[in-house]
Amino acid sequence: MRWWVRVTWDLGHDVILVDNDQAKLNALKTGDVPIHEKFLPELLLRHRDRKLTFSDDLNHAVRASKAIFIAVGTPPTEQGEADLSYVESVARSISGAINGYKVIIEKSTVPVYTSDWVRKIILRNAAAPDSFDVASNPEFLREGTAVTDFLYPDRIVVGADSGRSASVLSQIYAPLTDGSYYQRNDAIPAPDRAHIPPQLIVTSAKSAELIKHASNAFLAMKISFINAVASICESVGANVQQVCQGIGTDSRIGPRFLNPGIGYGGSCFPKDLMAFRAVARECGYEFRLLDEVMRINEEQRQRFLRKVRTALWTLRGKRLGVLGLAFKGGTDDIRESPAILLVQALLQEGCQIAAYDPAAAERSRAVLNSSMEFVNSPYEAANGADALLILTEWEEFAALDLDRLHKQLKYPIVIDGRNLYDPDVMAGHGFTYYSIGREAAMPLTTVNGAVTPARKIRKS
Ligand code: UGA
């Protein structure tokens, strides 16, 4: 089960977390936090063995609970559809343990109609029709900030086809929607832009299922859109950051998820876009827009590789420092990480790579070529390198000591796939600096004692 998706125990509920992976359960029972997630260690410490218990006994957990959240994985099949076999198997097991009215809630990202199927499976396994309801309660949590995203959501979506199940779910979230959670002294601190109290949106189960897929597809589309705009900026010498500011301040568009980069990755967007396209096709609609979003995303990595070639000419034997392996900052997750895919491509081209990631090195070791070096700081990664590549938007990579970095590099070339620095500042510190959707900047030079402005290179 994806056990981290909910921190309902911090809302005062008693939660039994069920998993069939004994090693995972044992680790959790002893206080181990197997993923990098802000505030999770504190919350586990607060609630473990009190509001939160762990078990491999699904029957007992179902009997003891009114609401049962299904949060199993829905990995992609070879055809790109969501594999729902884990959902089905859990639904079957739940049906045998129903001992009174239960709400069975889909938390996993699933295609529209899954709630109908879960209902059918449970009925097929002899549960009485009025002994349960199936509801959809999609999550919009981002890895790395899942705890605050849960406690300070923009909205809570409850997809319930009966008043009874809508009421159970509304009660579960009441401490958030009535604002009482936020009055507590021990509440997890609010992030910027928190909507307090959050809005509760009650929809049909099918609408809720679609809201989840449509939200992720829209966000991915926003990223591909700005990456496509960034490519045009590079061709004409415009600055994508200025374009983002200009379009993002339109409240109808908004500034978030408009950061250009090396493309989106992770365990959600790539998988969910494919699944959404498959669902649409099954319903008789060819969602070609999604194909284009995926194509632009793939192309963005190729463009970055071309940028590295432009900066270094040939790649074989070049030593590269790499900052970041996780699919984004703030997590140790490397699933579908564009950083990993780029490092693999560069290794294949014969580059020597020294990489640093604050959290994802261990996981990366398992998938990357053993010839690769994992180091313990950004400066070690830069040491003696022909160029430094920034591939993940970790906050600490945006606050490097630039003079120290300059001294470490063999050639002061930085290729930034996340636009963490101002090109003029980098040029002022003596770097040749390539980024996304902005002209490359060359070091400032002094002519007869006067400093000339940073020279910009077009079509980086
Ligand atoms: C995403 C959604 O943001 C969550 O709302 C959703 O709940 C989750 O998927 C899910 O379905 O479980 P997550 O995969 O954790 O969350 O990561 P994001 O923060 O959305 O980032 C995804 C990718 O897009 C990363 O590779 C990130 O670097 C990239 N990105 C993000 C950009 O390139 N530009 C941006 O402006 C934002």
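**Exposure, strands and cores**

Reader: Is Trp313 buried or exposed?

Author: Trp313 counts as exposed because its relative accessibility is 74%. The cut-offs for relative accessible area are under 20% for buried and over 50% for exposed, with partly exposed in between (1.4 Å probe, protein chains only). This is a predicted model, in which local features need pLDDT of at least 70 and side-chain atom pairs count only at pLDDT 80 or more, while totals for chains, interfaces and linings use all residues. Residues are numbered from 1 along each chain as its sequence is written, and side-chain values use heavy atoms, leaving out hydrogens and water.

Reader: What confidence does the predictor assign to the chain?

Author: The scale is pLDDT, the predictor's confidence in each residue, from 0 to 100. For the protein chain the mean pLDDT is 93, and 95% of the residues reach 70 or more. Residues 1–6 stay under 50, and for them the model has 28 contacts (heavy atoms within 4.5 Å) beyond four places in sequence.

Reader: Which backbone angle deserves attention at Trp313, and where does the residue lie?

Author: Phi of Trp313 is positive, at about 70 degrees, although the residue is not a glycine. Trp313 lies in the loop between helix 12 (288–312) and strand 8. Helices (H or I, at least four residues) and strands (E, at least two) are DSSP runs numbered from the N terminus. Asp49 also has a positive phi, near 70 degrees, and is placed in the loop between helix 2 (40–47) and strand 2 (52–55). Asp49 is counted as exposed because its relative accessibility is 55%.

Reader: Which residues are joined by a cis peptide bond?

Author: Ile196 and Pro197 are joined in this way, with omega about -15 degrees. Pro197 belongs to the loop between helix 8 (180–183) and strand 7.

Reader: How should I read the pairing of strand 9?

Author: Two strands pair if DSSP finds at least two bridges between them. Strand 8 (residues 319–323) pairs with strand 9 in the parallel sense over five bridges, and in this pairing Val322 has Ala355 as its bridge partner. Strand 9 itself (residues 352–356) is mostly covered, with four of its five residues buried.

Reader: What surrounds Val322?

Author: Val322, in strand 8, is buried because its relative accessible area is 0%. Apart from neighbours within four places in sequence, its contacts include Val343, Ile353, Ala381 and Leu389. Val322 and Phe374 are 52 residues apart in sequence, yet their C-alpha atoms are 9.5 Å apart in space.

Reader: Which residues touch the most other members of the largest nonpolar core?

Author: A nonpolar core is a set of buried Ala, Val, Leu, Ile, Met, Phe, Trp, Tyr and Cys residues joined through side-chain atoms within 4.5 Å. Among the 62 residues of the largest core, Ile353 and Leu389 touch the most other members. Helix 13 supplies the largest share of this core, six residues. Not counting residues up to four places away in sequence, Ile353 touches Leu320, Val322, Val343, Leu346, Leu347, Met372 and Glu373. A separate second core has 36 residues, including Val15, Phe69, Ala166 and Tyr182.

Reader: In what order do the strands of the five-strand sheet stand?

Author: The order in this open sheet is 3-4-5-6-7, with mixed pairing. Strand 3 (67–70) and strand 7 (199–203) are the edges, each pairing on one side only. Strand 5 (residues 132–136) and strand 6 (residues 155–160) run antiparallel, joined by two bridges; Ser136 is bridged to Gly159. Strand 6 and strand 7 run parallel over five bridges, with Val157 partnered by Ile201. Strand 6 is largely enclosed by the rest of the structure, because five of its six residues are buried.
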